[in-house]
Amino acid sequence: MHRPVSAADVARAAGVSQQTVSRVVNRQPNVSEKTRLAVTRAMEELGFRPNFAGRSLRSGRYHSVGLTIYNITQYGNLSTLDGIATAAREHGYAITMEEERDDSPVSLEATTRRMLALPVDAMIVSMSIKAEDFDVFRPAQGLGCVLLTMYPHPGCTTIDSDQYGCSRLVMNHLLSHGHREVRFVAGPSYSVDSTFREKGWRDALEEQGIEAVEPLAGDWAADSGYEAGAALATDASMTAVYAANDQMALGVIAALEDAGRQVPEDVSVVGVDDSLGGTVPRNRLTTVRFDMFQRGTRAFEEALKAGEPGYEVQDIRIPGTLIERSTVRDIR
């Protein structure tokens with residue numbers, strides 16, 4: 001069996017010192033471009049692989065960030081992951097990822113223990129549900145921690161799209177068009193996003209002195225929206241439906257129209273996520289769009305800084321944008 005190629009072998013082939021090889025491997029600036037190319041060429045020809053474990057011991061950094069994400073296929077999570085991966089690439093970092101089911105119990109302490117056993121410099125936890133130990137959790141010393149959630153935390157920076165604010169956007173739009181009897185179709189009871197979207201809806205009605213009719217709940221899928229829409233179709237006083245995501249809103253529209261109530265002539269409908277582009281032809285749904293890519297890049301950048309001395313915890317909320325199409329009618 002051949003022995004591994006060493007830095008000394010590369011130095012001899014390139015006609016430089018081992019220290020120069022080390023500088024090239026560690027991307028240090030004090031090497032001429034000619035020398036850097038010679039060393040890189042020698043590394044490629046000899047099949048040299050740097051000892052990253054040794055480099056990590058010397059520098060105290062692994063150049064990797066741990067990520068725990070729940071249901072990677074859920075709309076928005078892929079864009080968030082794209083943002084994290086893009087930021088990691090730009091900083092010369094790798095991502096160590098673990099995926100959990102949407103409804104899996106979340107323990108931040110257990111997640112931290114797993115991450116501490118891995119070669120990572122920081123961790124990002126994307127939470128679809130609130131962790132069981134959220135209020136008592138404290139991050140490990142020196143391990144930057146960012147939580148993707150709407151709930152503020154005293155010891156960790158939290159970042160999320162503004163799930164409460166998006167409902168205020170929707171309700172301001174509907175109220176300004178004369179709608180007072182606005183029904184809400186919620187997502188699953190475990191969902192943090194749905195909880196904050198529902199609160200924004202309730203608060204907007206309460207501020208106008210309007211009593212909220214208890215919402216129906218779906219599971220994010222269009223079929224559950226259809227079931228909710230079928231139940232709402234007999235509500236003669238209702239003038240608008242706010243669904244907690246676009247798929248359920250699409251189901252609501254189908255059910256209302258099957259029951260003989262036209263959208264928006266009889267009932268206005270608004271969703272959240274702007275997720276139907278490319279799948280629904282001539283998409284006409286008024287909705288709220290989030291920048292999930294920015295959510296990911298911001299999370300990565302804050303995670304790198306969070307383990308440094310003097311870092312100040314932040315609660316960062318990224319506002320959505322109302323996308324007006326043709327499912328809302330002015331009834332003033």
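Trainee: How do the axes of H9 and H10 cross in this predicted model?
Mentor: Happy to start there! Helices here are DSSP runs of H or I with at least four residues, and strands are E runs of at least two, numbered from the N terminus. With axes fitted to C-alpha atoms over the stretch in contact, and angles running from 0 to 180 degrees between N-to-C directions, H9 and H10 come within 6 Å and cross at roughly 40 degrees. Angles under 35 degrees count as roughly parallel, over 145 as roughly antiparallel, 65 to 115 as roughly perpendicular and the rest as oblique, so H9 is oblique to H10.

Trainee: Which residues of H9 are buried, and where do they lie around the axis?
Mentor: Buried means under 20% relative accessible area, and exposed over 50%, with a 1.4 Å probe and protein chains only. On the other side of H9, Asp223 and Glu227 are exposed. The buried ones are Ser224, Gly225, Ala228, Gly229 and Leu232.

Trainee: What covers the buried residues of H9?
Mentor: Contact here means heavy atoms within 4.5 Å. The cover includes strands E6 (182-186), E7 (216-217) and E8 (240-243), and helix H10 (246-258).

Trainee: What should I know about numbering and confidence?
Mentor: Residues are numbered from 1 along each chain as its sequence is written. Local features need pLDDT of at least 70, side-chain atom pairs count only at pLDDT 80 or more, totals for chains, interfaces and linings use all residues, and side-chain values use heavy atoms, leaving out hydrogens and water.
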